[in-house]
Amino acid sequence: MRPYNFSAGPAALPEPVLRQAAEEMLDWHGCGMGVMEMSHRGKEFISICEDAEHTLRELLAVPSNVRILFMQGGGLGENAIVPMNLSRGGAVDVVVTGSWSQKSLKEAGRYADARAAASNEASGHTELPAPATWALRDEAAYVHVCSNETIHGVEMHTLPDLAALGSRAPLVVDCSSHILSRPIDWSRVGLAFAGAQKNIGPAGLTLVFVRDDLLGHALPICPSAFDYSVVAANGSMYNTPPTYGIYMAGLVFHWVKAQGGVAEMDRRAAEKAALLYGYLDDNGGFYRNPVAPGARSRMNVPFFLADERLNEAFLTGAREAGLLQLKGHKSVGGMRASIYNAMPLSGVQALVNHLQDFARRHG
Ligand SMILES: *Cc1c(COP(=O)(O)O)cnc(C)c1O
């Protein structure tokens with residue numbers, strides 16, 4: 001059995017997907033070529049790409065007026081690409097809930113008049129500012145949120161309804177680290193993006209979902225390869241897309257579908273999170289998670305040992321128990337367990353067993 005891998009990203013992939021990719025490495029479906037060796041314009045790769053898009057559209061019930069783009073540049077690339085395409089150089093409101101939205105705010109400021117509509121910085125990024133308190137500008141070209149803050153472990157359990165807040169601006173959502181873990185309410189979304197390397201596949205592929213009516217307003221400085229209308233008009237083939245990443249993503253989409261789809265991922269995420277937070281909240285103070293219960297991420301769970309001198313021993317013991325990459329992000333410290341779709345309940349149970357065992361020996 002392989003060890004359980006709690007990496008925040010690039011993260012563990014479902015084992016059947018890795019096995020299938022290995023089997024098909026030299027010869028995809030008898031065509032005599034591996035996927036990495038195919039022209040992106042050949043019929044083999046076109047069929048792989050169309051199938052991936054179709055399966056993703058089905059999994060997330062993406063409406064027909066929302067385009068799906070396969071891009072490069074990652075989440076941080078999108079922090080520049082979104083304002084270059086949507087801001088028209090005007091006002092952009094960003095809700096700051098952790099490191100990722102903080103970065104989005106800073107980057108948008110290079111292209112637009114970007115301001116924080118709200119911030120949870122005073123709480124150390126452990127609580128979510130209530131949407132009713134957000135200072136939204138009438139003239140904002142869009143409102144940016146990060147619906148799952150991978151580093152601070154804060155998740156918006158529902159997307160804000162901007163119209164109900166009196167705003168006409170489209171909502172832009174960075175959902176990099178929890179895409180496919182729950183359904184998306186498209187009626188509230190103008191654009192969503194996600195780097196693939198958390199919950200979908202290899203690094204290098206970025207998914208963008210963009211409503212038709214938001215296309216066609218890129219700033220003149222926007223590179224053509226990053227102009228959504230150009231990418232959309234060319235079916236994500238304006239330049240060479242990350243072909244292998246798209247193939248792997250397609251395998252993951254089929255895996256999700258075979259498991260029961262996004263509804264089943266949602267159910268499993270709730271079950272895994274309840275098991276882990278349940279223990280972190282009830283262990284006699286040996287460990288703690290600092291995030292307000294209503295704002296806790298079901299994907300990324302930061303936690304701290306009361307005695308931080310035990311951190312190295314904890315990580316060493318974890319590795320010996322077959323539990324990898326539990327060290328916290330350097331800006332937060334402590335530990336972090338990322339429990340994405342590919343992490344089975346048995347992996348979370350093994351982690352809880354290690355937490356209990358370590359506390360018993362050192363408590
Ligand atoms: C990982 C991550 C990013 C950054 O992605 P890169 O591919 O490294 O640019 C952006 N936003 C969120 C929420 C992330 O988790």
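Colleague: Fine. Among contacts between residues at least 6 apart in sequence, what share joins residues at least 24 apart?
Modeller: That share is 68% in this chain. Keep in mind that this is a predicted model, where local features need pLDDT of at least 70, side-chain atom pairs count only at pLDDT 80 or more, and totals for chains, interfaces and linings use all residues. Residues are numbered from 1 along each chain as its sequence is written, and side-chain values use heavy atoms, with hydrogens and water left out.

Colleague: How many helices and strands are there?
Modeller: The chain has nine helices and 14 strands. These are DSSP runs, numbered from the N terminus: helices are H or I with at least four residues, strands are E with at least two. The radius of gyration is 21 Å, close to the 21 Å that the globule rule gives for 363 residues, so the chain is as compact as a globular protein of that length. That radius is taken over C-alpha atoms, and the rule is 2.2 Å times the number of residues to the power 0.38.

Colleague: What does the C-alpha trace span along its principal axes?
Modeller: About 60 × 55 × 30 Å.

Colleague: And how much of the chain is buried?
Modeller: Of the 363 residues, 55% count as buried. Buried means under 20% relative accessible area, exposed means over 50%, and partly exposed is in between (1.4 Å probe, protein chains only).

Colleague: Let's zoom in on α8. Which of its residues are buried?
Modeller: Helix α8 covers residues 311-320, and its buried residues are Asn311, Phe314, Leu315, Gly317 and Ala318. They cover an arc of only 165° around the axis, which puts them on the same side of α8. The arc is that of the directions from the helix axis to the C-beta atoms.

Colleague: What happens just after α8?
Modeller: Glycine 322 sits there with a positive phi of about 80°.

Colleague: Now the non-glycines. What is phi at arginine 88?
Modeller: Near 55°, a positive value in a residue other than glycine. Arginine 88 is in the loop between α3 (74-86) and β3 (91-96). Its relative accessibility is 57%, so arginine 88 counts as exposed.

Colleague: And glutamine 325, where is that?
Modeller: In the loop between β13 and β14. Glutamine 325 is not a glycine, yet its phi is positive, about 60°. With a relative accessible area of 49%, glutamine 325 is partly exposed.

Colleague: Serine 177 next. Buried or exposed?
Modeller: Serine 177 is buried, at 0% relative accessible area. Its place is the loop between β8 and β9 (191-195).

Colleague: Which residues does serine 177 contact, leaving aside neighbours within four places in sequence?
Modeller: Asn148, Thr150, Lys198, Met299, Asn300 and Tyr340.

Colleague: Where is valine 210 found?
Modeller: In strand β10, residues 206-211. Valine 210 has 0% relative accessibility, so it counts as buried. Not counting residues up to four places away in sequence, valine 210 touches Asn65, Val66, Arg67, Leu69, Gly190, Leu191 and Leu215.

Colleague: One more loop. Is threonine 158 buried or exposed?
Modeller: Threonine 158 is exposed, with a relative accessible area of 59%. That residue is in the loop between β7 (154-155) and β8 (171-174). Leucine 128 is 30 residues from threonine 158 in sequence and 12 Å from it in space, C-alpha to C-alpha.

Key: Contact = heavy atoms within 4.5 Å.
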